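Here is a quick tour for anyone meeting this structure for the first time. Have a look at the model, then read on.

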Amino acid sequence: MKHVGVIGCGAMGRGMVKNLSRHGYSVHVYDVQEKALNEAEQLGGIPEKDVPSIARQAEVLILSLPTTELVENALTREKDGAFHYLKEGSYVLDMSTTDVMATKKLHKQAQEKGIFFFDCPVSGGPEGADSGNLTIMAGGNPDHFNAIKPVLHAMGKEIDYLGDAGAGQTTKLCCNLVVAGIVLLLSESLLTGTKSGVPAQKIADIMQKGSAQNRVLSIFGPNILKGSHDEVKFLLKHMTKDIQLYMNLAKEHKIPAFLGSTIQLLYDIANHQGKGGLDTSGVSQVLEDLASCKIDQ
(Lines give C-alpha, C1' and ligand atoms only; values in the text may rest on other atoms or scores of the structure.)
Protein backbone atom coordinates (compact mmCIF):
# COMPACT_ATOMS: atom_id res chain seq x y z
CA MET A 1 0.00 0.00 0.00
CA LYS A 2 1.65 3.18 -1.22
CA HIS A 3 -1.22 5.65 -1.64
CA VAL A 4 -2.37 7.14 1.65
CA GLY A 5 -5.01 9.83 2.03
CA VAL A 6 -5.14 12.27 4.95
CA ILE A 7 -8.30 14.27 5.65
CA GLY A 8 -7.56 16.98 8.21
CA CYS A 9 -4.14 18.63 8.01
CA GLY A 10 -4.19 20.72 11.17
CA ALA A 11 -1.89 20.55 14.17
CA MET A 12 -1.86 16.73 14.22
CA GLY A 13 -2.52 15.87 10.58
CA ARG A 14 0.31 18.08 9.40
CA GLY A 15 2.89 15.99 11.23
CA MET A 16 1.31 12.77 10.00
CA VAL A 17 1.61 13.98 6.39
CA LYS A 18 5.24 14.91 6.95
CA ASN A 19 6.24 11.52 8.31
CA LEU A 20 4.20 9.44 5.87
CA SER A 21 5.87 11.33 3.04
CA ARG A 22 9.31 10.78 4.61
CA HIS A 23 8.61 7.04 4.67
CA GLY A 24 7.96 6.95 0.94
CA TYR A 25 4.16 7.02 0.79
CA SER A 26 2.30 9.05 -1.82
CA VAL A 27 0.23 11.18 0.54
CA HIS A 28 -2.96 12.69 -0.86
CA VAL A 29 -4.28 15.46 1.38
CA TYR A 30 -7.49 17.40 1.88
CA ASP A 31 -8.54 20.10 4.33
CA VAL A 32 -11.31 22.69 4.21
CA GLN A 33 -8.76 25.30 5.32
CA GLU A 34 -6.63 26.44 2.38
CA LYS A 35 -3.74 27.40 4.68
CA ALA A 36 -3.60 23.93 6.20
CA LEU A 37 -3.73 22.36 2.73
CA ASN A 38 -0.87 24.56 1.51
CA GLU A 39 1.25 23.68 4.53
CA ALA A 40 0.58 19.98 3.96
CA GLU A 41 1.69 20.36 0.35
CA GLN A 42 4.97 21.92 1.51
CA LEU A 43 5.53 18.84 3.68
CA GLY A 44 5.15 16.47 0.75
CA GLY A 45 1.39 16.10 0.44
CA ILE A 46 -0.49 15.96 -2.86
CA PRO A 47 -3.50 18.31 -2.58
CA GLU A 48 -6.92 17.00 -3.59
CA LYS A 49 -9.97 19.19 -4.22
CA ASP A 50 -12.52 17.25 -2.14
CA VAL A 51 -13.27 14.06 -0.20
CA PRO A 52 -14.30 11.97 -3.25
CA SER A 53 -11.04 12.85 -5.01
CA ILE A 54 -8.92 11.73 -2.09
CA ALA A 55 -11.02 8.60 -1.47
CA ARG A 56 -10.60 7.45 -5.08
CA GLN A 57 -6.81 7.64 -4.69
CA ALA A 58 -6.34 6.16 -1.24
CA GLU A 59 -5.59 2.58 -0.33
CA VAL A 60 -5.47 3.77 3.28
CA LEU A 61 -7.54 6.78 4.33
CA ILE A 62 -6.57 8.59 7.54
CA LEU A 63 -8.85 11.05 9.31
CA SER A 64 -7.52 13.59 11.81
CA LEU A 65 -10.52 15.77 12.63
CA PRO A 66 -11.65 17.60 15.79
CA THR A 67 -15.18 16.19 16.23
CA THR A 68 -17.20 13.01 15.78
CA GLU A 69 -19.64 14.85 13.51
CA LEU A 70 -16.90 15.87 11.09
CA VAL A 71 -15.60 12.30 10.94
CA GLU A 72 -19.09 10.95 10.26
CA ASN A 73 -19.71 13.58 7.57
CA ALA A 74 -16.40 12.89 5.83
CA LEU A 75 -17.19 9.19 5.62
CA THR A 76 -20.95 8.85 5.24
CA ARG A 77 -22.40 12.04 3.77
CA GLU A 78 -24.92 11.08 1.08
CA LYS A 79 -23.24 12.55 -2.00
CA ASP A 80 -19.58 12.99 -1.13
CA GLY A 81 -18.81 10.70 1.82
CA ALA A 82 -15.62 8.69 1.43
CA PHE A 83 -17.38 5.35 1.95
CA HIS A 84 -19.07 5.85 -1.44
CA TYR A 85 -15.73 6.18 -3.27
CA LEU A 86 -13.21 3.99 -1.45
CA LYS A 87 -12.34 0.72 -3.17
CA GLU A 88 -13.32 -2.58 -1.62
CA GLY A 89 -10.44 -3.88 0.50
CA SER A 90 -9.19 -0.40 1.39
CA TYR A 91 -8.57 0.78 4.96
CA VAL A 92 -9.87 3.69 7.03
CA LEU A 93 -7.90 4.79 10.09
CA ASP A 94 -9.74 7.28 12.28
CA MET A 95 -6.94 8.95 14.23
CA SER A 96 -9.29 11.53 15.71
CA THR A 97 -10.72 11.20 19.23
CA THR A 98 -14.37 10.37 18.72
CA ASP A 99 -17.47 8.85 20.28
CA VAL A 100 -17.22 5.10 20.95
CA MET A 101 -20.75 4.22 19.81
CA ALA A 102 -20.29 6.25 16.62
CA THR A 103 -17.01 4.42 16.03
CA LYS A 104 -18.73 1.04 16.28
CA LYS A 105 -21.42 2.20 13.87
CA LEU A 106 -18.84 3.42 11.34
CA HIS A 107 -16.98 0.11 11.66
CA LYS A 108 -20.19 -1.76 10.79
CA GLN A 109 -20.96 0.52 7.84
CA ALA A 110 -17.43 0.08 6.50
CA GLN A 111 -17.64 -3.69 6.91
CA GLU A 112 -20.81 -3.77 4.81
CA LYS A 113 -18.87 -2.11 1.97
CA GLY A 114 -15.84 -4.40 2.26
CA ILE A 115 -13.74 -1.65 3.86
CA PHE A 116 -11.60 -2.26 6.95
CA PHE A 117 -12.17 0.42 9.61
CA PHE A 118 -9.84 0.95 12.59
CA ASP A 119 -10.15 3.52 15.36
CA CYS A 120 -6.59 4.71 15.97
CA PRO A 121 -6.60 7.71 18.33
CA VAL A 122 -3.21 9.06 19.32
CA SER A 123 -1.31 10.53 22.23
CA GLY A 124 1.72 12.76 22.00
CA GLY A 125 0.32 16.04 20.74
CA PRO A 126 1.58 18.10 17.79
CA GLU A 127 5.20 17.54 18.87
CA GLY A 128 4.74 13.79 18.75
CA ALA A 129 3.01 14.02 15.38
CA ASP A 130 5.81 16.17 13.99
CA SER A 131 8.58 13.86 15.26
CA GLY A 132 6.76 10.65 14.33
CA ASN A 133 6.74 9.49 17.95
CA LEU A 134 3.02 9.24 18.59
CA THR A 135 1.48 6.57 20.80
CA ILE A 136 -1.29 4.96 18.75
CA MET A 137 -4.19 3.00 20.29
CA ALA A 138 -5.91 0.75 17.75
CA GLY A 139 -9.25 -1.02 17.71
CA GLY A 140 -10.69 -3.11 14.89
CA ASN A 141 -10.51 -6.50 13.20
CA PRO A 142 -7.37 -8.33 14.46
CA ASP A 143 -7.10 -10.34 11.24
CA HIS A 144 -6.29 -7.18 9.27
CA PHE A 145 -4.25 -5.25 11.82
CA ASN A 146 -0.85 -6.38 10.52
CA ALA A 147 -1.64 -4.84 7.13
CA ILE A 148 -1.79 -1.32 8.57
CA LYS A 149 1.14 -1.58 10.99
CA PRO A 150 3.72 -0.20 8.52
CA VAL A 151 1.53 2.89 7.99
CA LEU A 152 1.10 3.36 11.73
CA HIS A 153 4.84 2.92 12.38
CA ALA A 154 5.52 5.74 9.92
CA MET A 155 3.71 8.06 12.35
CA GLY A 156 4.14 6.49 15.77
CA LYS A 157 6.64 4.90 18.09
CA GLU A 158 4.31 2.90 20.36
CA ILE A 159 1.63 0.99 18.45
CA ASP A 160 -0.85 -0.96 20.58
CA TYR A 161 -3.70 -3.14 19.35
CA LEU A 162 -6.36 -3.09 22.07
CA GLY A 163 -9.29 -5.08 20.76
CA ASP A 164 -12.37 -4.85 18.58
CA ALA A 165 -13.90 -1.67 17.15
CA GLY A 166 -14.09 1.09 19.75
CA ALA A 167 -11.28 -0.25 21.94
CA GLY A 168 -8.86 2.43 20.79
CA GLN A 169 -11.31 5.26 21.45
CA THR A 170 -12.29 3.80 24.82
CA THR A 171 -8.66 3.69 25.90
CA LYS A 172 -7.96 7.23 24.68
CA LEU A 173 -10.97 8.67 26.51
CA CYS A 174 -10.00 6.93 29.75
CA CYS A 175 -6.46 8.28 29.43
CA ASN A 176 -7.63 11.83 28.73
CA LEU A 177 -9.98 11.85 31.70
CA VAL A 178 -6.99 11.03 33.91
CA VAL A 179 -4.85 13.75 32.29
CA ALA A 180 -7.63 16.31 32.73
CA GLY A 181 -8.03 15.33 36.38
CA ILE A 182 -4.31 15.51 37.13
CA VAL A 183 -4.12 19.00 35.61
CA LEU A 184 -6.79 20.08 38.08
CA LEU A 185 -5.12 18.31 41.03
CA LEU A 186 -1.80 19.93 40.18
CA SER A 187 -3.46 23.33 39.89
CA GLU A 188 -5.27 22.98 43.22
CA SER A 189 -2.25 21.68 45.12
CA LEU A 190 0.17 24.25 43.69
CA LEU A 191 -2.33 27.01 44.42
CA THR A 192 -2.63 25.80 48.02
CA GLY A 193 1.14 25.72 48.37
CA THR A 194 1.54 29.18 46.88
CA LYS A 195 -1.05 30.71 49.19
CA SER A 196 0.64 28.97 52.14
CA GLY A 197 3.91 30.67 51.32
CA VAL A 198 5.86 27.94 49.49
CA PRO A 199 6.80 28.71 45.87
CA ALA A 200 4.93 26.51 43.43
CA GLN A 201 8.10 25.69 41.51
CA LYS A 202 9.71 24.24 44.63
CA ILE A 203 6.67 22.05 45.26
CA ALA A 204 6.67 20.89 41.63
CA ASP A 205 10.38 20.01 41.87
CA ILE A 206 9.75 17.86 44.94
CA MET A 207 6.79 16.16 43.24
CA GLN A 208 9.05 15.02 40.44
CA LYS A 209 11.49 13.50 42.94
CA GLY A 210 8.94 11.45 44.88
CA SER A 211 5.87 9.29 44.48
CA ALA A 212 3.84 12.23 43.11
CA GLN A 213 6.00 12.20 39.97
CA ASN A 214 3.93 12.29 36.79
CA ARG A 215 4.24 13.07 33.09
CA VAL A 216 1.31 15.47 33.15
CA LEU A 217 3.41 17.80 35.29
CA SER A 218 6.26 17.50 32.79
CA ILE A 219 3.99 18.39 29.85
CA PHE A 220 1.50 20.90 31.29
CA GLY A 221 3.44 21.98 34.40
CA PRO A 222 5.42 24.81 32.78
CA ASN A 223 2.19 26.49 31.66
CA ILE A 224 0.54 26.00 35.07
CA LEU A 225 3.58 27.36 36.88
CA LYS A 226 4.15 30.35 34.58
CA GLY A 227 0.55 31.09 33.65
CA SER A 228 1.60 30.74 30.00
CA HIS A 229 -1.66 29.17 28.87
CA ASP A 230 -1.41 30.63 25.39
CA GLU A 231 1.44 28.18 24.69
CA VAL A 232 -0.87 25.40 23.60
CA LYS A 233 0.06 21.77 24.13
CA PHE A 234 -3.55 20.58 23.80
CA LEU A 235 -6.51 22.90 23.37
CA LEU A 236 -8.80 23.22 26.38
CA LYS A 237 -11.88 23.02 24.14
CA HIS A 238 -10.68 19.69 22.77
CA MET A 239 -10.09 18.34 26.27
CA THR A 240 -13.59 19.52 27.24
CA LYS A 241 -14.98 17.61 24.25
CA ASP A 242 -13.07 14.47 25.21
CA ILE A 243 -14.34 14.65 28.80
CA GLN A 244 -17.90 14.81 27.47
CA LEU A 245 -17.23 11.73 25.32
CA TYR A 246 -15.85 9.94 28.36
CA MET A 247 -18.93 10.87 30.39
CA ASN A 248 -21.17 9.55 27.62
CA LEU A 249 -19.30 6.26 27.78
CA ALA A 250 -19.47 6.09 31.58
CA LYS A 251 -23.21 6.79 31.50
CA GLU A 252 -23.77 4.10 28.88
CA HIS A 253 -22.10 1.53 31.12
CA LYS A 254 -23.71 2.88 34.32
CA ILE A 255 -20.41 3.89 35.93
CA PRO A 256 -20.79 6.21 38.99
CA ALA A 257 -18.61 9.00 37.58
CA PHE A 258 -18.41 11.18 40.71
CA LEU A 259 -14.93 12.51 39.99
CA GLY A 260 -15.55 12.65 36.26
CA SER A 261 -18.57 14.90 36.91
CA THR A 262 -16.48 17.36 38.94
CA ILE A 263 -13.75 17.40 36.32
CA GLN A 264 -16.32 17.99 33.60
CA LEU A 265 -17.92 20.85 35.54
CA LEU A 266 -14.67 22.77 35.94
CA TYR A 267 -13.65 22.35 32.30
CA ASP A 268 -17.13 23.37 31.18
CA ILE A 269 -16.83 26.54 33.29
CA ALA A 270 -13.45 27.33 31.75
CA ASN A 271 -14.81 26.73 28.26
CA HIS A 272 -17.89 28.90 28.90
CA GLN A 273 -15.58 31.65 30.15
CA GLY A 274 -13.95 31.75 26.72
CA LYS A 275 -10.81 29.81 27.59
CA GLY A 276 -11.34 27.10 24.96
CA GLY A 277 -8.56 28.47 22.76
CA LEU A 278 -6.04 28.26 25.59
CA ASP A 279 -3.98 25.25 26.58
CA THR A 280 -5.66 22.62 28.77
CA SER A 281 -3.68 24.13 31.67
CA GLY A 282 -5.91 27.19 31.36
CA VAL A 283 -8.49 25.42 33.55
CA SER A 284 -6.25 26.41 36.48
CA GLN A 285 -7.48 29.99 36.04
CA VAL A 286 -10.93 28.92 37.26
CA LEU A 287 -9.40 27.82 40.57
CA GLU A 288 -7.17 30.90 40.75
CA ASP A 289 -10.16 33.19 40.37
CA LEU A 290 -12.05 31.38 43.14
CA ALA A 291 -9.02 31.56 45.43
CA SER A 292 -8.10 35.16 44.53
CA CYS A 293 -4.53 33.99 44.05
CA LYS A 294 -2.20 33.20 41.16
CA ILE A 295 -0.02 30.08 41.13
CA ASP A 296 2.85 31.99 39.53
CA GLN A 297 2.71 35.07 41.77
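## About the model

This is a predicted model: local features need pLDDT of at least 70, side-chain atom pairs count only at pLDDT 80 or more, and totals for chains, interfaces and linings use all residues. Residues are numbered from 1 along each chain as its sequence is written, and side-chain values use heavy atoms, with hydrogens and water left out.

## Two domains

The protein chain splits into domain 1 (3-165) and domain 2 (170-291), with bounds that come from an automatic or database domain assignment. Their C-alpha centres sit 28 Å apart.

Where they meet, 13 residues of domain 1 are in contact with twelve residues of domain 2 (contact means heavy atoms within 4.5 Å). About 1,000 Å² is buried between domain 1 and domain 2, with carbon and sulfur atoms giving 60% of that area. Buried area here is the accessible area (1.4 Å probe) that two parts lose on being put together, summed over both.

## Salt bridges

Side chains of opposite charge can pair when their charged atoms come close. A salt bridge is a side-chain nitrogen of Lys or Arg within 4 Å of a carboxyl oxygen of Asp or Glu, and by this rule the count comes to six. Between domain 1 and domain 2 the count is one.

Glu39 and Arg14 pair up through their side chains at 3.1 Å, N to O. Glu39 belongs to helix H2 (residues 34-42) and Arg14 to helix H1 (residues 13-22), so the pair links parts of the chain 25 residues apart; helices are DSSP runs (H or I, at least four residues), numbered from the N terminus. Lys233 also bridges to Glu127, with the closest N and O atoms 3.6 Å apart.

## Helices H11 and H12

Which residues of H11 meet H12? They are Leu236, Lys237, Met239, Thr240, Ile243, Gln244 and Met247. Among their partners in H12 are Ile263, Tyr267 and Asp268.

Conventions:
Helices (H or I, at least four residues) and strands (E, at least two) are DSSP runs, numbered from the N terminus.
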